[in-house]
Amino acid sequence: MTALAIETLRDTWRACGQTIRLHLRGVSEEDALRSPGDAGTGNCLNWLVGHILVARDGLGSMLGRDTFLTKEEGQRYGRGSVALVAGGEATPMRRLVTGIKETGAGLDEAFAGLDAEVLAQPIPAERFPFPPTRPDLASMIQFLHFHESYHAGQIALVRRSLGYEGVIK
């Protein structure tokens with residue numbers, strides 16, 4: 001990966017984090033725990049943001065960074081975890097939004113120090129939900145950016161389904 005590609009990677013991750021924070025602005029703690037589905041199905045905003053932080057913490061760990069969420073918090077937001085409900089064990093949104101900002105800054109700093117040798121470090125293929133052609137750190141970073149962008153889109157849709165105005169015009 002060239003220096004230009006790394007700079008582009010940093011730009012796209014920063015844009016995604018800024019978009020997530022914009023979509024969360026003004027959302028109440030109560031609404032962040034409301035499910036968007038007709039029958040209470042679907043992930044609430046709190047879970048989506050926590051889930052993104054679990055992924056960021058995993059990537060940060062691979063890059064030598066400290067995790068933001070505690071182990072207990074992380075378990076609430078892992079893939080396949082039990083749906084969060086009002087009055088449950090949800091992490092406060094203020095903390096989650098702080099986590100998006102802080103982990104974004106930490107990943108940006110870590111990305112700035114990447115080089116071709118580090119990016120080529122192998123990652124076991126079974127750690128990818130969709131095994132890539134080259135199971136290495138570069139592929140993991142690219143997959144997790146796709147993952148985050150996917151959930152950022154969900155956050156935008158859930159925000160609108162809860163009656164909030166869209167923020168990207």
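Student: Which helix is Leu 45 found in?

Tutor: Helices here are DSSP runs of H or I with at least four residues, numbered from the N terminus. Leu 45 sits in helix 3. Bear in mind that this is a predicted model, where local features need pLDDT of at least 70, side-chain atom pairs count only at pLDDT 80 or more, and totals for chains, interfaces and linings use all residues. Residues are numbered from 1 along each chain as its sequence is written, and side-chain values use heavy atoms, with hydrogens and water left out.

Student: Is Leu 45 buried or exposed?

Tutor: Buried means under 20% relative accessible area, exposed over 50%, and partly exposed in between (1.4 Å probe, protein chains only). Leu 45 has 0% relative accessibility, so it counts as buried.

Student: What does Leu 45 touch?

Tutor: A contact is heavy atoms within 4.5 Å. Leaving aside residues up to four places away in sequence, Leu 45 touches Leu 24, Val 27, Ala 32, Ile 155, Val 158, Arg 159 and Leu 162. Also, its C-alpha is separated by 7.6 Å from that of Arg 34, 11 residues apart along the chain.

Student: On to helix 1. Which of its residues are buried?

Tutor: In helix 1, they are Ile 6, Leu 9, Arg 10, Trp 13, Cys 16, Gly 17, Ile 20, His 23 and Leu 24. For helix 1 the buried residues fall within an arc of 165°, so they line one face of the helix. They pack against helix 3 (45-62), helix 5 (93-112), helix 6 (116-119) and helix 7 (137-161). On the other side, Ala 3 and Leu 4 are exposed.

Student: What is the volume of the largest pocket, and which residues lie nearest its centre?

Tutor: On a 1 Å grid over the protein atoms alone, a pocket is an open set of points where a 1.4 Å probe fits, with protein on both sides within 12 Å along at least five of seven lines; lining residues have an atom within 4 Å of a point. Volume is the space filled by probe spheres set on the points, which are joined across faces, edges and corners. The largest pocket has about 590 Å³. Its lining has 24 residues, with His 51, Arg 79, Pro 129, Phe 143 and His 147 nearest the centre. Helix 3 and helix 7 are the elements that give two or more residues to that lining.

Student: Which element gives the most to the lining of the second largest pocket?

Tutor: Helix 5 does, with 7 residues. This pocket has a volume of about 180 Å³.

How values were computed: The arc is that of the directions from the helix axis to the C-beta atoms.
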